[in-house]
Amino acid sequence: MVVTKPAETIESINPATKQSLGRAPLMGESEVNAAVEIAWKTFEHWQLTSYNKRAKLVLKFRQLIANKADELASLISEEVGKPLPEAYLSELCGPLDTCVWLAENCERLLADQPMPLANPLLSSKQSIIAFEPLGVVGIISPWNYPFAIPTMTALMAIMVGNTVLIKPSEKSPLIGIKIGELFLEAGFPPGVVQILTGDGSTGKILSRTNLSKLIFTGSVEGGSALMAQASARLTPVTLELGGKDAAIVLPDAPIDWTARGLVWGAFTNAGQACASVERVYIVKGKNTDKLIDSIVSMTSKLKLGPATDAMTDVGPLIDQSQLDHVVRQVDEAVLGEAKCLTGGHARTDLGGFFFEPTVITGVNQQMKIMREETFGPVMPILVVDSEDQAVELANDSEYGLTATVWAGKLNRAECVARDLNVGTVLINDCLFSHATPQLPWGGIKKSGFGKGHSIFGLQDLCNIKHISIDAAGGAHRVWWYPYSKSKIKMAQGGIQLLHGKLTKRTAGLVNFVGNMFTDAPKQVAQIKKSDEPAEKTDNQD
Ligand code: NAD
């Protein structure tokens, strides 16, 4: 296949300065199709590599990330605006831990599993569950965690034996390209991980190609479009979508800890995290006012600015449209009699797409700021009368990604956690679990479906194959032909024998055994399972 160089490009913009950082190819039909073909060719031999070899490469990749941590953190900060501590901690730690976890555990977690069978009629059979790679996996990712999200998913997919195609966000193409370079430098064969830069149109083309699975992380609108696109080929999809994550604060929550946790959860990454604290329900108690004062005081001290300033706590939003969206939601809430206790305004004077860290009270559940994803540095607070009311309001959402509960009595907090309709509940902390490869990640309702990370994420990247082995000399196959009246009696007897009331079991036994061999063939094959290693048999005409 002849691959032409894409004529068009996309521009990467530093959101703190609005300056161009460079351009990347806008890949189209020809580049995407060529990459898919390469991925399938590479899969032919990559799937046959041992876990040991893959683990060695994954650990080299880990070393490279650690060696280049400063360079990577600066690029991440520049391209999406996050303060450097966040670039190191929330972008690099997850992939690093994933490398170690996979190298140490993947082979064990995906080892063949024997599956004992309960029915005595199946006693001659051995069942094995094998976890095999699927093939080529497409990973379409967003800009808000541009390194951690695609890298963690790609590591898991390739460790299982798949090859992957990553379509990074058009807002973070340079980080996407860097991810591809790192995999090559670590020694992964070309074609195991390929990067397809471009915008939604590139993702659309990719989603219509011959893939074994698509893992999409992004907006609800994008996920919904993707599912429709993938449906023509029945490509299975995992969707990791938006959230409107609630924090419930119980009256005995420690004030300082809770305030610090909520402030970080709402403003880290400038609020642009799928699992940000997007709305807070405080159950009224004697400490409510003190808690709100503490939140406001901490928020007003946060430093808004570019990542180049080491003292910056909160960076810019990603672009003008995101800034406009946040301004609209806050303005609408204020018009509806909500009150900004601190913040509330865009800061165009800072040169980029900045919005002040904002705490709002006087909101109600019907406001957009309490119902729609804000994805900005805004913490709306609603004080409620009871724990039940807090749970009801938290569950009153189209989304179901994560929630947090803040409390002194942990058993009470756990009861609340069990009542929340989400994929993850964190008690007395927030957000951290995405970076932890052992823990499952994924939401319900409009937050998506399918699990990433963890043993469940690994299994999701496998063809879970059942192999049944039968020596053919064991029990007579009572369900095989021929059918007859005695076969019906045998079936009736068998059901009563195994599952009927005690009083019917003896009659069942008589009917079953008495009719079992009536139509049985005279001879049964005698095939033994050999201990010799299997040799491949070719078809013989
Ligand atoms: P987005 O939906 O605009 O884009 C995500 C990716 O999909 C990009 O690479 C984009 O180019 C591509 N894309 C867009 N339309 C497509 C289409 N029709 N077909 C194929 N690909 C298409 O989302 P975004 O603005 O990049 O990310 C922000 C959203 O992602 C927020 O809603 C956030 O909550 C969500 N998010 C969710 C998680 C999670 O784990 N649940 C994590 C991070 C972000």
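Predicted model: local features only at pLDDT ≥ 70, side-chain atom pairs only at ≥ 80, totals over all residues.
View 1. Helices (H or I, at least four residues) and strands (E, at least two) are DSSP runs, numbered from the N terminus. The peptide bond from Tyr481 to Pro482 is cis. Its omega is near 5°.

View 2. Asn428 has a positive phi, near 60°, and is a residue other than glycine.

View 3. Glu170 places a polar side-chain atom 2.6 Å from an oxygen atom of the ligand. Ser141 uses a polar backbone atom, 2.8 Å from a ligand oxygen atom. For Gly200, a polar backbone atom is 3.4 Å from an oxygen atom of the ligand. Taken alone, the ligand exposes 850 Å², and the protein buries 89% of that. These areas come from the Shrake-Rupley method with a 1.4 Å probe; for residues, only the protein chains shown count as cover.

**View 4. The shell around the ligand.** There are 30 residues around the ligand, each with a heavy atom within 4 Å of it. Lys167, Glu170, Ser219, Leu241 and Glu373 come nearest. By class, the shell has 13 nonpolar, 11 polar and 6 charged residues. Ala, Val, Leu, Ile, Met, Phe, Trp, Tyr, Cys and Pro count as nonpolar, Asp, Glu, Lys and Arg as charged, and the others, Gly among them, as polar. Helix 7 (200-207), strand 8 (213-217) and helix 8 (220-231) each supply at least two shell residues. Helix 8 gives the largest share, 4 residues.

**View 5. Domain 1 against domain 2.** Domain 1 (28-117 + 125-241 + 455-465) and domain 2 (246-434) each give at least three residues to the ligand shell. The bounds come from an automatic or database domain assignment. Between the two, 16 residues of domain 1 are in contact with 17 of domain 2 (heavy atoms within 4.5 Å). The buried area is about 1,400 Å², with 59% from carbon and sulfur atoms; it is the accessible area (1.4 Å probe) lost on putting the two parts together, summed over both.

**Notes.** Residues are numbered from 1 along each chain as its sequence is written, and side-chain values use heavy atoms, without hydrogens and water. Local features need pLDDT of at least 70, side-chain atom pairs count only at pLDDT 80 or more, and totals for chains, interfaces and linings use all residues.

Methods: Polar contact = N/O pair within 3.5 Å; in protein donor to acceptor, adjacent residues only side chain to side chain.
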